[in-house]
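Colleague: I'd like to learn how to read a model like this one, feature by feature. Could you walk me through it?

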Amino acid sequence: MTLNFLEEQYYRKSLFLNEEFFEVSYLPENIIHREQELIMLSKIFIKLIETPFRISRKVMIYGDVGIGKTAIARTFGRMLLLSANKRDIKIEYVHINCRIEKSNFKILNQVLRKLNCTVPIRGYSPQDLITILQDYLKSNDIYLVLVLDELNHIQNFNSNFDIIYSLTRLNDIDTSRYFLSLIVIVRDITLLRNLDESTISTLQGSILTLKKYTISQIVDILNGRIEKGLKKGIIKESFVHLIAEKISDSGDIRKGLNIIRNAVKITEARGKSHVSCNEIHHAIKNLIPSLQDDALSILTYHQTLLLYVITILLLERKEKRVLFSDIQKKYEEICFQYEEIPKKNTQIWNNLQSLKNYTLINIKTISKNVKGRKSYCSINSIPIDILNEELNQKINNFLLTR
Ligand SMILES: Nc1ncnc2c1ncn2[C@@H]1O[C@H](COP(=O)(O)OP(=O)(O)OP(=O)(O)O)[C@@H](O)[C@H]1O
Ligand SMILES: [Mg+2]
């Protein structure tokens, strides 16, 4: 009988204490080396605690990839809620990622959902949702601190409805009470050129620019994760320095976390107990670009399913490439399993092309004649099992929120 691989996995000795600490979405209790930025945010928002409902703030946070923009906003959110709760001030902190909720409608719908305000799915315009939001905040005496993260991903900047403008005008003129402050996060201000001039100037009132971390700061941050996520002594301090140097140009902490995670995975797969220089170099060389940049989140659900199917086939067969027709078959099986209607062939093909354009897969077509044409898909980056796990998690998250 085939080995029960599930049992084998269950009893495997992992070098991780908890792999979750290497997830990009994990927010550490201690955000270090960003104290000045957190102090600045506290100065900007202190009036929300001193004189609640009397003021509205707009702040823009900007800086390069993976240097803690999202992390400091969330950390500040925690601080704000603690201070508000202590004084019985009803403040809600809602963090929306515009890469995921791409349209004005989706963003506002998600804000209302997070506030537990139920809205019928259809028949409402974004302007209606703004009115619903305003009424809800007013009647429940709630002050909302809204974060629009990765703002440049909003798709319909050019439509007649300006979400930023509308949100920043959520107040009650009669009683001069305010109900909303806004924090927007962007990597690059120039990406906002689609926005209305006046909106840009509104947003540029308070700008918080995050500088890159120094090498020693990167080492401290990575060590914080290693302490929590790995068994003791798995990775030498000098390797952490090496990784920090490697990523210091971009300052992208996410890259560093992925290198460590991959190096440990490779070490485990080789049955070794300590990470050596070889595994570090291997992990640096084969860093999956998609995971570095969190690019998987721009995939549609069916593109995610397709990529997942390719990883399954490659892992199952231990082969370097898989045939289009096999992908198609397996994709249909997986769709059936998740009670999803599979896309038609042309759409599957288009989705594969998108995956190729995102540099996630390679497609090679070998054709003697049109009839005998065969297309193979492969994934360059390894380890594929990490990619497979990541996709599995994304699909599960999707199923939970469906
Ligand atoms: N000062 C810090 N202390 C501890 N962890 C940090 C710190 N800065 C960043 N991190 C961690 O690094 C990772 C990347 O940070 P984050 O997601 O906040 O970057 P970002 O600037 O929002 O990137 P992007 O532009 O891609 O959205 C996260 O896992 C975060 O927890
Ligand atoms: Mg971010």
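Colleague: Which residues does isoleucine 32 touch, leaving out those up to four places away in sequence?

Modeller: Two residues are in contact if their C-beta atoms, placed from the backbone, lie within 7 Å. By that test, isoleucine 32 touches Asp220, Ile221 and Gly224. Take glycine 224: it sits 192 residues from isoleucine 32 in sequence, yet their C-alpha atoms are 9.2 Å apart in space. Bear in mind that this is a predicted model, where local features need pLDDT of at least 70, side-chain atom pairs count only at pLDDT 80 or more, and totals for chains, interfaces and linings use all residues. Residues are numbered from 1 along each chain as its sequence is written, while chains are lettered from A and ligands numbered from 1 in the order in which they are written.

Colleague: Where is isoleucine 32 placed?

Modeller: Helices (H or I, at least four residues) and strands (E, at least two) are DSSP runs, numbered from the N terminus. Isoleucine 32 is in the loop between helix H1 (5-10) and H2. For burial, count other C-beta atoms within 10 Å of the residue's own, placed from the backbone: 20 or more is buried, 12 or fewer is exposed, and in between is partly exposed. Isoleucine 32 has 13 such neighbours, so it counts as partly exposed.

Colleague: And lysine 114, where does that go?

Modeller: Into helix H4, residues 104-114. Lysine 114 counts as partly exposed because it has 15 C-beta neighbours inside 10 Å.

Colleague: Next, backbone angles. What is the phi of phenylalanine 53?

Modeller: The general idea is that most residues other than glycine have a negative phi. Phenylalanine 53 has a positive one, near 65°. It belongs to the loop between helix H2 (35-50) and strand S1 (58-62). Aspartate 88 is also not a glycine and has a positive phi, about 55°; its place is the loop between helix H3 (69-86) and strand S2 (91-97).

Colleague: Is aspartate 88 buried or exposed?

Modeller: Exposed, because 7 other C-beta atoms lie within 10 Å. Phenylalanine 53 has 21 C-beta neighbours inside 10 Å, so that one counts as buried. Aspartate 88 also has its C-alpha 9.9 Å from that of isoleucine 49, which is 39 residues away along the chain.

Colleague: How do I read the core? Which residues have the most contacts inside the largest nonpolar core?

Modeller: In soluble globular proteins, nonpolar side chains tend to be buried together. A nonpolar core is a set of buried Ala, Val, Leu, Ile, Met, Phe, Trp, Tyr and Cys residues joined through C-beta atoms within 7 Å. The largest one here has 42 residues, with Leu146, Ile183, Val184 and Ile185 making the most contacts inside it. Beyond four places in sequence, leucine 146 touches Val94, Val111, Leu167, Leu180 and Leu182. Apart from that core lies another of 26 residues, among them Phe239, Val240, Leu257 and Val264.

Colleague: How many residues surround ligand 1?

Modeller: There are 22, and the closest are Gly68, Lys69, Thr70, Ala71 and Ile253. Being near means that the residue's C-beta atom, placed from the backbone, lies within 6 Å of the ligand. H3, helix H8 (215-229) and helix H10 (253-269) each supply at least two residues of this shell, and H3 gives the most, with 3. Domain 1 (35-209) and domain 2 (213-287) each contribute at least three residues.

Colleague: Which domains is the protein divided into?

Modeller: Domain 1 (35-209), domain 2 (213-287) and domain 3 (295-401), with bounds from an automatic or database domain assignment. Taken over C-alpha atoms, the centres of domain 2 and domain 3 are 29 Å apart.

Colleague: And the overall picture?

Modeller: The protein has 16 helices and 10 strands, and its C-alpha trace spans about 75 × 55 × 40 Å along the principal axes. Of its 402 residues, 32% count as buried. Among contacts between residues at least 6 apart in sequence, 72% join residues at least 24 apart.
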